[in-house]
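Trainee: I would like to go through the rings and the open space of this model. Where do we start?

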Amino acid sequence: MKNSKRIFLTTVLLSFYSFAAKTVGVWFNVYMASKIGAAGLGLWNLILSVYIMLKTFSGAGMSLLSTRLIIDDPQSRKSNLKKLYLAAFFIGALGMLILMGASGTVSRSFIGDARAKSSLIILSLSLPLSACSCVTNGYSVAKRKMARYALIGFIEQGVRIASSIIILNMTSPDDVQSSLRGVSLGITISEAVSFVLGAFTVIKDSSFTDENKKSRGFIKKYSSIALPDALGSVFRSILSAIQNLLIPIGMRRYGAGSDTALSQYAQVHAMALPVVLYPSSIPSVLSSLLIPEIARCKLKEEYKRIRYMIYRVFKPTLIFSLACTAVMLGFSRELSLSVYNSDECARYIALLAPLVPIMYMDMTSDGIMKGLGLQRTVMAINVVDSIISVLMIYFLVPVMGIYGYVLMVYSTETVNFIMSFSALRRHSGIRIRGRSFLLKLCIFSAASVLVTKTLFSLARIPDPTAKCTLMIICFSLIFIALCFASSALTREDIKEIKKLMK
């Protein structure tokens, strides 16, 4: 029971951290957009996509390897940690040299803006430190010190944002290049703080006085544990970076000017998508809670119980995702005004809203598949998804502009879910038939939006944030009441979710 509670508390803690990180991330995007404009924010996201690709390369597999070595060979912890930190620093330094050397070419030929070069050089300095932090994170997981992991993450994000804001306030809003350098410096400073704090906690946690055993076969272990994970992560990161870089290039081929291309890219990718994905922490929690329980049931070959749990989790996920879709479709303008103080990205929030059920159900499917031991299948599906994304962006965006990107998102998310759900059906034997249930939820969500908008059309609330919040609360109360009144949602459903949390 204690172990189950620890798993639950760890999941909740990490989910809260994820939710808080998304909140701060959205807020910081709003702040940056107000300082450097949508075009500047678009340029920043292109710089980030290149940086994240090299950051993934630098630390790929190191966290998993650290966790496994600490757990599998505790008597060689001192020796393993030394080798892990040295290997991480070496790979991170290699990533730094690659990014530094290629910064000019990447800025001119791929990002299409020479102003990105200095930011990439500043960001490259953080790569050795971020790679070493991956080792610290893996150590924290192995030692079950997740509160420490989350706390360091909070401090890192706080330092990044605080230092970035201080530097941004010292630069002219018209000087986008200097502003982006400032934000890049903020990230580098925060990575340094994170590394120092993490290393200090590892040293303080263990004196290593009784651990003189030297580790053996480090290279072999790296090849068998870290390398497969690293190859998959790096490959997906490369495809993701190519995908992001192709969007403004395609927009320019479509006929949009450089600033227009970056602005529209930012409105969809950096402003609308974060709002659409913001509530996804809840289905992520559910899928995370399912992994250990489904793995246990699989070991005991309790497939009937697995099918029952899948149904019980799919049902509330579908209800929640359809409610989110209704809110984003019905209140897209209010959401845009509340978050960004502008209705510019309202149409993109509304355009992407119908995808929410597919996205959230896919997240839940991935969690269940991991519980069934189908991690390689999940990775293969995600790689196929990324390849299709790159091809569709390359061919569609120059013809359709930003709507080609939206069409790509719809196509790949749908294909991803179909492949994931098909694999889940094959390995679990689940059969779900719920057309009438789905129709009922669609009617309830539409009715709740209509009643809410009618009520608030009679009231004058000048503050957009207060109005949006009250509208969402009103919608939620009406929607939940309709679900319970029609037995679309029952007490038994709530009890089953609670059981997973015990």
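Mentor: Keep in mind that this is a predicted model. Start with a charge and a ring. R253 lies over the face of Y394.

Trainee: How far is R253 from the ring centre of Y394?
Mentor: A charge counts as over a ring if CZ of Arg is within 6 Å of the ring centre. R253 meets that rule with Y394, at a distance of 5.4 Å.

Trainee: Is Y394 buried, partly exposed or exposed?
Mentor: Buried means under 20% relative accessible area, and exposed means over 50%. Y394 has 41%, so its class is partly exposed.

Trainee: How many aromatic pairs are there?
Mentor: Ring centres must lie within 6.5 Å to pair. By this rule the count is eight.

Trainee: Take F28 and Y31. Is the pair stacked or edge-to-face?
Mentor: Both residues lie in helix 1, three residues apart, about one turn of the helix. F28 is buried, and Y31 is buried too. Their ring centres are 6.4 Å apart, with 20° between the planes. Planes under 30 degrees apart count as stacked, so the pair F28 and Y31 is stacked.

Trainee: And the pair Y394 and F395, stacked or edge-to-face?
Mentor: The ring centres of Y394 and F395 lie 5.1 Å apart. The planes stand at 90°, and over 60 degrees is the cut-off, so the pair is edge-to-face.

Trainee: Is F395 buried or exposed?
Mentor: The relative accessible area of F395 is 55%. The limit is over 50%, so F395 is exposed.

Trainee: Now the second largest pocket. Which helix gives the most to its lining?
Mentor: The pocket holds about 1100 Å³ of space. Of its 39 lining residues, those closest to the centre include F320, C324 and S476. Several helices each supply at least two lining residues, among them helix 1, helix 11 (303-330) and helix 19 (491-500). With ten residues, the one that gives the most is helix 18.

Trainee: How many residues of that pocket lining are nonpolar?
Mentor: Six lining residues of the second largest pocket are polar and one is charged. The nonpolar count is 32.

Trainee: Last, L450 and F475. How far apart are they in space?
Mentor: L450 sits in helix 17 (residues 435-457). L450 is exposed, at 59% relative accessible area. L450 and F475 are 25 residues apart in sequence, and C-alpha to C-alpha the distance is 9.1 Å.

Conventions:
Residues are numbered from 1 along each chain as its sequence is written. This is a predicted model: local features need pLDDT of at least 70, side-chain atom pairs count only at pLDDT 80 or more; totals for chains, interfaces and linings use all residues. Side-chain values use heavy atoms; hydrogens and water are left out. Rings of Phe, Tyr and Trp (its six-membered ring) pair if their centres lie within 6.5 Å; planes under 30 degrees apart count as stacked, over 60 as edge-to-face and the rest as tilted. Helices (H or I, at least four residues) and strands (E, at least two) are DSSP runs, numbered from the N terminus. Buried means under 20% relative accessible area, exposed over 50%, partly exposed in between (1.4 Å probe, protein chains only). A charge sits over a ring if NZ of Lys or CZ of Arg is within 6 Å of the ring centre and within 35 degrees of the ring normal. On a 1 Å grid over the protein atoms alone, a cavity is a set of points where a 1.4 Å probe fits but cannot get out, and a pocket is an open set with protein on both sides within 12 Å along at least five of seven lines; lining residues have an atom within 4 Å of a point. Grid points are joined across faces, edges and corners, and a volume is the space filled by probe spheres set on the points. Ala, Val, Leu, Ile, Met, Phe, Trp, Tyr, Cys and Pro count as nonpolar, Asp, Glu, Lys and Arg as charged, and the others, Gly among them, as polar.
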